[in-house]
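I opened this model to look up its overall build and then a few single residues. The notes are in the order in which I made them.

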Amino acid sequence: MSRIVHRDIAADLPIAVRGRGVTITDADGKTYIDASGGAAVSCLGHGHPDVLAAMRAQMDKLEYAHTSFFTTEAAEALADDLVAHAPEGIGRVYLVSGGSEAVESALKLARQYFVERGELQRTRFIARRQSYHGNTLGALAVGGNTARRAPFAPLLFEAHHISPCFAYRHRRTNEHDEAYGLRLAAEFEAKLQQLGPDTVIAFVAETVVGATAGAIPPVPGYFKAIRQICDRHGVLLILDEVMSGMGRTGTLHACEQEGIAPDLLTVAKGLGAGYQPIGAVLVAERIYEAFETSQRSFQHGHTYIGHPIPCAAALAVQQVIRRDNLLDNVRRQGERLQSGLEERFGNHAHVGNVRGRGLFRAIELVEDRASKAPFAPDRDVAGRIKQAAMEHGLCVYPGRGTADGTAGDHILIAPPFIVEGETVAAIVERLGDAVDAAVAQARS
Ligand SMILES: Cc1ncc(COP(=O)(O)O)c(C=O)c1O
């Protein structure tokens with residue numbers, strides 16, 4: 001009997017005992033292709049010798065020093081590296097231990113920025129439905145994941161949610177991408193006007209939506225329009241790239257492909273690639289300047305912020321990605337994955353959409369392709385596909401509530417950046433078998 005409070009109380013999980021490259025082996029000796037890197041985490045695959053060596057070297061030097069007494073070479077070097085490759089205007093880094101902590105910290109940094117400037121009336125956040133920003137109460141409050149919010153709804157502060165940018169489901173017939181993006185931007189501005197623009201702290205969005213709706217890239221021009229509206233009203237833009245950032249979509253930061261820079265950018269997962277728990281908020285210099293001017297510190301902190309071992313691991317991860325030109329591989333194999341998925345599922349009766357960027361892809365399952373009607377939630381098609389994939393030696397990341405927060409299923413595929421063509425083909429083949437088996441079971 002396991003004494004762990006597992007994520008799924010009904011699950012009977014295999015025990016992972018070894019990881020090498022793109023595979024994980026369980027205690028029975030069965031090997032799985034880790035085609036989602038967990039939840040888009042393991043971007044270098046498992047057991048990378050350079051990252052392990054960097055962690056060992058740091059452990060030999062110093063395992064921990066509290067950040068109210070000391071800074072460390074490892075944390076300083078990582079912050080320098082992140083700023084050197086950051087979007088325009090980013091000048092500082094706040095180091096934390098994961099994605100939810102990064103989002104919580106970003107929300108609080110944004111609020112305190114306005115406190116330092118004397119704009120105390122700014123208390124509101126606008127975010128989007130069908131989004132996920134983490135499971136701590138603040139991050140959950142701005143998030144738009146219906147199921148994860150539900151039990152805690154009475155505890156969450158009021159955030160204001162507008163439409164997601166979800167072309168497959170919400171772009172009108174005959175509406176061009178650009179027009180759709182501008183329609184959504186107008187909805188944002190209308191919400192600002194309704195609330196009073198000078199009461200709003202920030203707009204919070206995932207650059208490419210991840211767990212809640214499955215690898216949804218924005219339409220061209222959407223974020224440019226959002227950035228302009230934020231600037232017009234003095235509202236900050238917080239982009240959450242915990243899942244889509246750090247190279248996953250083919251550029252280091254997903255927002256590079258949108259031609260904009262946020263005021264606060266959250267990253268985690270791929271930052272440490274799973275070798276250590278780590279996240280960060282990349283902070284625009286102009287935000288930090290408000291704290292310098294007031295000479296007041298950010299009223300926040302956790303015991304493990306800036307921990308030197310995760311920092312050493314994350315720096316090594318970033319150095320390997322650059323040294324081995326892995327973002328080239330993300331773009332190349334990402335295209336191969338997309339065309340493999342399109343070939344396998346392009347005519348599939350129950351796959352409505354294949355989408356994503358780089359090595360961040362998803363298929364959306366539907367009961368009926370023409371109407372895009374999702375399967376009834378109680379058939380748990382996504383859960384069944386995950387299970388069938390595991391039986392076929394493949395790990396993929398299922399999502400439910402894709403269509404409207406309640407109904408809909410998708411499968412995220414986010415293999416390590418080191419993946420090669422042969423493995424991409426195996427992923428598509430095994431996923432195809434798993435989808436066919438699971439859908440047949442769900443419909444029987
Ligand atoms: C976009 C986004 N933000 C925040 C989080 C929360 O990160 P963590 O699970 O590391 O707390 C996630 C996790 O999936 C995420 O996808």
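**Ground rules.** The model is predicted, so I kept to its terms: local features need pLDDT of at least 70, side-chain atom pairs count only at pLDDT 80 or more, and totals for chains, interfaces and linings use all residues. Residues are numbered from 1 along each chain as its sequence is written, and side-chain values use heavy atoms, with hydrogens and water left out.

**Whole chain.** I counted 14 helices and 15 strands (DSSP runs, H or I of at least four residues for helices and E of at least two for strands, numbered from the N terminus). I checked the radius of gyration over C-alpha atoms against the globule rule, 2.2 Å times the number of residues to the power 0.38. For 444 residues a compact globule would come near 22 Å, and the chain's 21 Å agrees with that. The C-alpha atoms fill a box of roughly 65 × 60 × 45 Å along the principal axes. I found 57% of the residues buried (under 20% relative accessible area; exposed is over 50%, partly exposed in between; 1.4 Å probe, protein chains only). Of the contacts between residues at least 6 apart in sequence, 72% join residues at least 24 apart (contact means heavy atoms within 4.5 Å).

**R122.** I located R122 in the loop between α4 (99-116) and β5 (124-128). R122 counts as buried because its relative accessibility is 5%. Its side chain makes a polar contact of 2.8 Å with the side chain of E119 (a pair of N or O atoms within 3.5 Å; within protein, one able to donate a hydrogen and the other to accept it, with residues adjacent in sequence counted only if both atoms are side-chain atoms). The R122 side chain also reaches the backbone oxygen of V200 at 2.7 Å. Beyond four places in sequence, R122 touches residues including R111, F114, D198 and H233.

**Q58.** I placed Q58 in helix α2 (residues 49-61). Q58 is buried, since its relative accessible area is 8%. Leaving aside neighbours within four places, Q58 contacts E63, A74, P308, I309 and A312.

**Q257.** I found Q257 in the loop between β8 (236-240) and β9 (264-267). At 35% relative accessible area, Q257 is partly exposed. Its side chain has a polar contact with the side chain of T249 at 3.2 Å. Apart from residues up to four places away, Q257 touches T249, G250, T251 and R357. I also noted 16 Å between the C-alpha atoms of Q257 and G210, which are 47 residues apart along the chain.
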